[in-house]
Amino acid sequence: MKIAVAKENELGELRVAQVPDTVSRLVKQGFEVWVETGAGVGAGYDDAAYETAGAKIIADPALLWGETDIVLKVNPPAKRDGWSEIDWLKPGATLISFLNPLGDPALIQQLAQKQVTAFSIELIPRSTRAQSMDALSSQANIAGYKSVLLAAASLPRIFPMMTTAAGTIPPAKVLVLGAGVAGLQAIATARRLGAVVEAFDIRPTVKEEVQSVGAKFIEINLEEDTTAEGGYAKQVGSDTQELIRQGLSAYIAKADVVITTAQVPGKPAPLLITEETVAQMKPGSVIVDLAAETGGNCACSEAGKNVTYESVTIIGPINLPATVPINTSQMYAKNLLNLVKHLAKDGELQLDFDDGITSSACVTYGGEVRNERVKDALLVVSG
Ligand code: NAD
């Protein structure tokens with residue numbers, strides 16, 4: 001079987017779906033690998049490195065997409081003026097990529113209509129068994145790290161305590177809201193930089209994890225059950241949400257930096273910081289809202305922008321993983337390699353829909369959309 005590594009065409013996207021090391025492992029698994037010219041340049045890998053790893057370099061994207069059996073990508077297929085990269089795929093081909101299935105269900109329908117077997121990286125379960133394939137986590141981890149660096153670079157004071165001949169500078173106070181993958185890495189990074197860190201998460205079970213990476217866990221008494229099946233956070237009612245906002249406001253007012261990462265999968269980001277709370281913060285404080293793209297945990301944040309509100313800087317970054325493309329590509333490539341190995345035997349795909357990982361991640365097969373939530377989203381779109 002032939003595997004394609006397609007070039008990413010989105011503005012600012014520097015990641016690539018396979019790096020030379022993982023390409024050589026795919027070749028050892030019995031696959032022929034075709035890499036689009038220049039696909040790895042943004043992540044520091046030239047075409048020669050892929051050739052050395054055993055890949056064939058293909059200049060014509062139509063040939064690459066049209067003549068291969070499995071196409072590996074980071075971002076969903078590009079669309080331009082009524083044309084899409086999907087048009088190049090041959091019926092029966094397999095596409096493995098982030099596909100934003102709930103945000104763009106029409107794309108999933110198009111893949112089904114084209115008889116493409118599509119695996120959406122967002123739908124890989126966050127289970128122990130699927131951990132090595134969980135690219136949402138590998139990329140969020142790095143986003144959590146980078147969010148703290150952005151905050152540190154914008155903050156008009158330093159993070160660590162410093163005792164010098166010119167006096168003692170106290171450490172910066174960092175508050176992390178949401179202690180999932182990105183939040184825990186943000187805590188660890190802020191601690192490494194010397195800040196004093198506090199954190200809150202709606203799931204009380206993460207208290208020990210928060211403490212193990214060096215932060216104090218903030219407890220807010222909530223009567224509503226906040227944990228759903230599988231240990232995920234539940235979308236809570238407006239009264240509970242208001243209790244959380246009130247409970248957090250005094251901690252936010254004291255913080256120099258707030259990193260927000262709260263999300264309930266598939267739902268708009270919960271609002272944790274109102275404009276009134278931002279106004280209570282010290283001048284020069286910084287908020288980095290990782291959830292800015294899904295509605296924002298802070299009322300003032302705007303996706304892709306730095307906003308100043310009452311002398312507080314609110315950063316709403318998008319696609320932070322692309323700003324660290326060497327490591328995020330290495331991690332993503334390894335996640336995809338593990339998924340391909342999970343789906344294939346002797347260089348051929350052999351899909352077992354009784355397997356939980358295959359069944360969850362495969363969003364289209366045999367001309368059908370397989371995921372119920374995507375089908376519901378399609379009903380909403382079609383009215
Ligand atoms: P995650 O699901 O692992 O963690 C989210 C955490 O938020 C969970 O621990 C959950 O319990 C908690 N939570 C839910 N509702 C809450 C509430 N009301 N109050 C407090 N905590 C609450 O998610 P993740 O992978 O860590 O991603 C976090 C956010 O970062 C997401 O919004 C994701 O889209 C975003 N993200 C952004 C970028 C970027 O470049 N901007 C990159 C990766 C991830």
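The model is predicted: local features need pLDDT of at least 70, side-chain atom pairs count only at pLDDT 80 or more, and totals for chains, interfaces and linings use all residues. Residues are numbered from 1 along each chain as its sequence is written, and side-chain values use heavy atoms, with hydrogens and water left out.

R25 is partly exposed because its relative accessibility is 34%; in this scheme, buried means under 20% relative accessible area, exposed over 50%, and partly exposed in between (1.4 Å probe, protein chains only).

The structure holds 15 salt bridges. Another of them joins E242 and R245, whose closest N and O atoms are 2.9 Å apart. This pair lies in helix α8 (residues 238–254), three residues apart. R245 counts as buried at 17% relative accessibility, whereas E242 is partly exposed at 33%. E8, K73 and E85 are linked in a network of salt bridges.

The ligand has 27 residues around it, among which R126, A182, D201, R203 and L320 come nearest; a residue counts as near if one of its heavy atoms lies within 4 Å. An N or O atom in the side chain of D201 is 2.6 Å from an oxygen atom of the ligand.

Methods. Polar contact = N/O pair within 3.5 Å; in protein donor to acceptor, adjacent residues only side chain to side chain. Salt bridge = Lys/Arg side-chain N within 4 Å of Asp/Glu carboxyl O. Helix = DSSP H or I, 4+ residues; strand = E, 2+ residues; numbered from the N terminus.
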